Amino acid sequence: KDSEITENIHFRYHVIVPKAAVKSKGVIFMFHGFNEKYWSKYLPWAHRLCEITGKAVLLFPIAFHMNRAPSAWSNSREMFWVSEQRKSRHPNVIASSLSNVAISTRLHNKPQRFIWSGLQTYYDVIDLVEYIKAGHHPCIAADASIDFCSYSIGTFLGEIVIMTNKNGYFSDPRYATFCGGAVFNRFSPVSKFILDSEANVSLYSFVVEHLESHIKRDEILRHFLMAHDEGVNFRCMLNYKTLTAYRDEKFGQLADRIYAVTLGNDEIIPPYEIVNTLLGVERKNKVRIDVLNFPYPCKHEDPFPALPKIADQVDKQFTEVFERIGKFLK
């Protein structure tokens, strides 16, 4: 049972703090992508934002990701056996790999876990914000400004946080996103690094095609997705055609505080879907969106590949992206 996975309940998060700060007067929450197991990709991102903005950067793990997942999920020997079993049961599966077999099996079996783990992470973030505001955090001041920077599916979480604005905690934060921002049913997450095709079909069927039927039958699901603001905001970000006017109005209110950077060749979360979501049906929302085209081949999952041949080009694009984001968050 999810409630019995201790790694998900008791976990560490990382904070990068400016050298001179005793208690930082500003903090940027950073949310990562889907099916991520290690923070190494994000440490240079966080370090650069800390340098540019002078604010602490808090790398927060999504439930059942990073160090909140059982260690067995990262054990290649165990995952090889699970992967072989999965391929034998589903011979037509596409993009099944050792990297995604754990989360693919998990969501294929119970796709509603996507909703519950998302809401759990939301409540964990709120708990941490309240801990900071109570003055208990060792390196972040109680009155610190709170901003957000997210990547990929992490943007889904961050958007729900600022749309809900629990107790007015997020009335004036700035929100920068990289390669994220579209509603869930406009993602294409089938990838060896994200989800396999069988898990994607199961997940899409539950949270998009048949969600309203599940809500009618499941009292707990109905309560959390309809009686709580965060649940309503979660629902509006699952399906482009659900609560469209409501979602457009929300992003219209937040438009001057959101900045999106995306890649022109992104096939997982295409830039035009980010535009469709953030600018709204009638394109009235004034959200700033920059679509960049890197001069080297790259994927959504690895926008800054560590390849010696293109190291200078990668460094240049890395600098460009985070100078833009850092300037906005500063």
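Is Lys41 buried, exposed or partly exposed? I looked it up: Lys41 is partly exposed, at a relative accessible area of 22%. I use buried for under 20% relative accessible area, exposed for over 50%, and partly exposed for in between (1.4 Å probe, protein chains only).

**Ground rules.** I am working on a predicted model, where local features need pLDDT of at least 70, side-chain atom pairs count only at pLDDT 80 or more, and totals for chains, interfaces and linings use all residues. Residues are numbered from 1 along each chain as its sequence is written, and side-chain values use heavy atoms, with hydrogens and water left out.

**Salt bridges.** I counted a salt bridge where a side-chain nitrogen of Lys or Arg lies within 4 Å of a carboxyl oxygen of Asp or Glu. The count came to 15 salt bridges.

I started with the partner of Lys41. Its side chain meets that of Glu36 in a salt bridge, 3.0 Å from N to O. Glu36 is buried, with a relative accessible area of 14%.

Next I checked Asp2. It forms a salt bridge with Arg113, with the closest N and O atoms 3.5 Å apart. This pair links distant parts of the chain: Asp2 sits in the segment before α1 (6-9), Arg113 in helix α5 (residues 113-133), and they are 111 residues apart. I took helices as DSSP runs (H or I, at least four residues), numbered from the N terminus. Asp2 counts as partly exposed at 22% relative accessibility, and Arg113 as buried at 18%.

Then I turned to Arg48 and Glu323. Their side chains meet in a salt bridge of 2.5 Å, N to O. Arg48 lies in helix α2 (residues 43-53) and Glu323 in helix α13 (residues 311-329), so the bridge ties together parts 275 residues apart in sequence. Arg48 is partly exposed at 22%, and Glu323 is partly exposed at 32%. I also noted one network, in which salt bridges that share partners join Arg288, Asp290, Glu320 and Arg324.

**Helix packing.** How do α6 and α11 pack? Helix α6 (residues 154-164) and helix α11 (residues 244-254) pack at about 80°, with their axes 11 Å apart. I read α6 as roughly perpendicular to α11 (65 to 115 degrees). Axes are lines fitted to C-alpha atoms over the stretch in contact, and angles run from 0 to 180 degrees between N-to-C directions.

Which residues make the contact? I found Glu159, Ile162 and Met163 of α6, with Lys250, Phe251 and Leu254 of α11 (heavy atoms within 4.5 Å). They divide into four nonpolar, no polar and two charged. Here Asp, Glu, Lys and Arg count as charged, Ala, Val, Leu, Ile, Met, Phe, Trp, Tyr, Cys and Pro as nonpolar, and the others, Gly among them, as polar.

Note on methods
Helix = DSSP H or I, 4+ residues; strand = E, 2+ residues; numbered from the N terminus. Parallel < 35°, antiparallel > 145°, perpendicular 65-115°, else oblique.
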